[in-house]
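This note is written for a colleague who is new to reading protein models. Please keep the structure open while going through the numbered points.

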Amino acid sequence: MGIRTGKEYLDGLRDDRDIWINGDRIEDVTKHPAVCRGAHTLGEFLDRQHNLKYQDKITYLDEDGDRCATSFLIPKSEKDVQRRGASFYEWASWSAGMFGRTPDYKNASVMSFAAANAFLGKGETNFSENMVNFYNEIRKGDKVLTHTLVNPQKNFDLAKQGKFTDEVALHVVKETDTGIIVKGARLLATLGPTADEIEVFPSTLLKASPDNIPFAFAFAIPIATKGLKMICRDPYDHGKSNFDAPLSSRFEEMDAVVVFDNVLVPWERVFMYRDPLQCNVSFAETNAVVHMMHQVVCGKLAKAEFFVGLLCAMAKSTNRDKDMGTKGMIAEAMWIAESQRAMLFAGENQAHEDKWGNFVPLRRPLDTARNTMPRNYPRLLELVQLLGSSSLMATPCELDFSNAIADDVEQYFQVANLDAKDRVALFRLAHDAAVSGFAGRQCLYERFFFGPPAIMAAGYFDIYPKDEMIAKVETMLD
Ligand SMILES: Cc1cc2nc3c(=O)[nH]c(=O)nc-3n(C[C@H](O)[C@H](O)[C@H](O)COP(=O)(O)OP(=O)(O)OC[C@H]3O[C@@H](n4cnc5c(N)ncnc54)[C@H](O)[C@@H]3O)c2cc1C
C-alpha cells in the first residue's frame, strides 16, 4: 500500500457515483468531456510520485516501509515543516497553482486532525480512533479527497446568527445502530466529481446552542455512497486543444453542490457529533487551519510567480519591457509574489511545537497571506488585462496556422521578439489566465475558497495581539 499510479486513481473513479452536469447524469467521469481531462491531469500528477525526479520531494517512507505522500507526514520538527512546504510548492508548480485542489490540500487537514486526535476525545463524544483509522486508510490508500464545509443559506438573517434551517442545510435526521442518517445540502465540493471520498466537516460558524446540535458533526464517506448526489456548475473545459486553451483544457477541477438524500454515515466514519462548540473550534484547536494555510500559501506563491512570468513575457514580446510605466505595472505583481514568499518564509522558519507535540508553521504570517491574496488576485488579472489589451483578443486558433488564412496569420500576428505562433500561444495563455470563463472561476475561487472573507478577516482581528499595539499608543499619550 502507499502511493497510487494515475491509472489506479482513474480506475477507482469508475463506480456508480451520482454526478449531474449540464442536465445529465454522468456515466463515467473519466470519459465525460466536462471533467475527464482534469481527472487525467491529476492522474499524471499522481504518477509523478513514482518518478525519481520528484519522489524524494513529494513522498516519504513510513514506519511500515510504505511510500506515502509528504502531505501526510506528521511534522515533528521545523525541518519536517519545511519538507512539507517544499512538497506543496512542487505540486502547485505543475499547474502554476491553477489546479487549486490537488490532494495535498485535504491531506494537510486529515493529517492535522489525526495528529491532534486527542482533541476528538474531549467533547461529548470520543471519535479519536475513527480519525486515526481514517488517516491511515486515506494515507496508505493514497485517496483523493474533496470537502464541503458550508451550508446553503435560505435567509441571511439566520446565517448571520449562526443558525440554519433544515429545509436546505445538512442535518442529522436519525441515529441507528450502524450510524447517523443525514439529509440536506452542502456547498461547495471542488474536485467533488473526481474525488474518491468527501469530508463533511463543521460549517463556518455554528451558534453553540441546542438548536444547532443536528447540524454539528464531522464525517467522511466515499463519493459513491447511496443517496449522495453532486450537482455541478457549467464546465469550463470546452474541448479545445492545449494550444487554444492551455489552462482550461488541463486544469478543470469542477465544483459541485452536494445533496444528501437520507445518507447513512457509518459510526466508524464519524469524527465529531452533537457538540457545536467543539465543531466551531476544531480547525483552530487541531491547527488544521494552519497546516491548510501552509499548503495554500505555497500554492499561491507558485501562482503569483506564474503571473509575474506571464506579464514579463508579454512585455518582452514587443520590447515594452524597456518602458518605465510597464516596469512599474509588473513590479506590482512582483510585490505580490515576494510578499507571499516572505510570509511563507516567516511562517516556516518560525515553526514551533504545538500542544499536541506536532510542529506547526507560525500562524500570523500565513494568516496574513491567506487574507491578502484574495484581495490581490483580482489585481493580477487586471494587470494582465491592462498590459494585454487588444492582444488578448488577437487570438486566432491553432487551426488558423494550417488553413487558408495561415499566411495572413503568420504575417500579421508577429511581434518584435516572437513569431506569430509563439505570440498567439502566449496571449492565448494570458487570455485563459485572466479573461476566459476559466479565469473568472479562478478569480471567484481565490476570493472565497478558504471561507467568507469577512469572517476570515474578523477572525484575524480577534487573534491579533492588539494589546501590544495599544500599549505603544498609550505610551505615546503618556
Ligand atoms: C470556486 C469556489 C470553490 C469553492 N470550493 C469549496 C470547497 O471545496 N469546499 C467548501 O467547503 N467550500 C468551498 N467554497 C465555498 C466557500 O467556502 C464559500 O463560498 C464561502 O465560505 C462563502 O460562503 P457563501 O457563499 O455561503 O456566502 P456567505 O454569505 O459568505 O456565507 C457563508 C456562511 O458564513 C456565515 N456568515 C456569513 N455572513 C456572516 C456574518 N455577517 N456574520 C456571521 N456569520 C456570517 C454564515 O454561516 C453563512 O452560512 C468554494 C467557493 C468557490 C467560489
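1. In this predicted model, a polar backbone atom of Leu-188 lies 2.6 Å from a nitrogen atom of the ligand. Leu-188 belongs to strand β7. The peptide bond that joins Leu-187 to Leu-188 is cis, and its omega is near 0°.

2. The side chain of Gln-153 has an N or O atom 2.7 Å from an oxygen atom of the ligand. At Pro-452 a backbone N or O atom takes part, lying 3.3 Å from an oxygen atom of the ligand. The ligand on its own exposes 940 Å², and 81% of that area is buried by the protein.

3. Which elements give two or more residues to the shell around the ligand? They are the strands β5 (145-148) and β7 (179-190), together with the helices α7 (156-160) and α14 (437-448). The ligand has 23 residues around it, and those that come nearest are Arg-101, Leu-149, Gln-153, Leu-188 and Thr-190. By class, the shell consists of 14 nonpolar, five polar and four charged residues.

4. Helix α13 gives the most, with three residues. Helix α14 also contributes two or more residues to the shell around the ligand.

5. The lining of the second largest pocket divides into three nonpolar, six polar and four charged residues. Domain 1 (6-283) and domain 2 (287-477) each supply at least three residues to the lining of this pocket.

6. The structure contains four cavities of 30 Å³ or more, and the largest cavity has about 100 Å³ of space. Of the 13 residues that line the largest cavity, Phe-99, Gly-100, Gln-295, Gly-299 and Lys-300 lie nearest its centre.

7. Which helices each supply at least two residues of the lining of the largest cavity? They are α4 (78-93) and α9 (288-317), and α9 gives the most, with four residues. The lining of the largest cavity comprises seven nonpolar residues, five polar residues and one charged residue. Both domain 1 (6-283) and domain 2 (287-477) give residues to this lining, so the largest cavity lies between them.

8. One backbone detail remains. Ala-96 has a phi near 55°, which is a positive value in a residue other than glycine. Ala-96 is found in the loop between α4 and α5 (104-115), and α4 is one of the helices that supply at least two residues of the lining of the largest cavity.

Key. Residues are numbered from 1 along each chain as its sequence is written. This is a predicted model: local features need pLDDT of at least 70, side-chain atom pairs count only at pLDDT 80 or more; totals for chains, interfaces and linings use all residues. Side-chain values use heavy atoms; hydrogens and water are left out. On a 1 Å grid over the protein atoms alone, a cavity is a set of points where a 1.4 Å probe fits but cannot get out, and a pocket is an open set with protein on both sides within 12 Å along at least five of seven lines; lining residues have an atom within 4 Å of a point. Grid points are joined across faces, edges and corners, and a volume is the space filled by probe spheres set on the points. Ala, Val, Leu, Ile, Met, Phe, Trp, Tyr, Cys and Pro count as nonpolar, Asp, Glu, Lys and Arg as charged, and the others, Gly among them, as polar. Domain bounds come from an automatic or database domain assignment. A residue is near a molecule or strand if one of its heavy atoms lies within 4 Å of it. A polar contact is a pair of N or O atoms within 3.5 Å; within protein, one must be able to donate a hydrogen and the other to accept it, and residues adjacent in sequence count only if both atoms are side-chain atoms. Accessible areas come from the Shrake-Rupley method with a 1.4 Å probe; for residues, only the protein chains shown count as cover.
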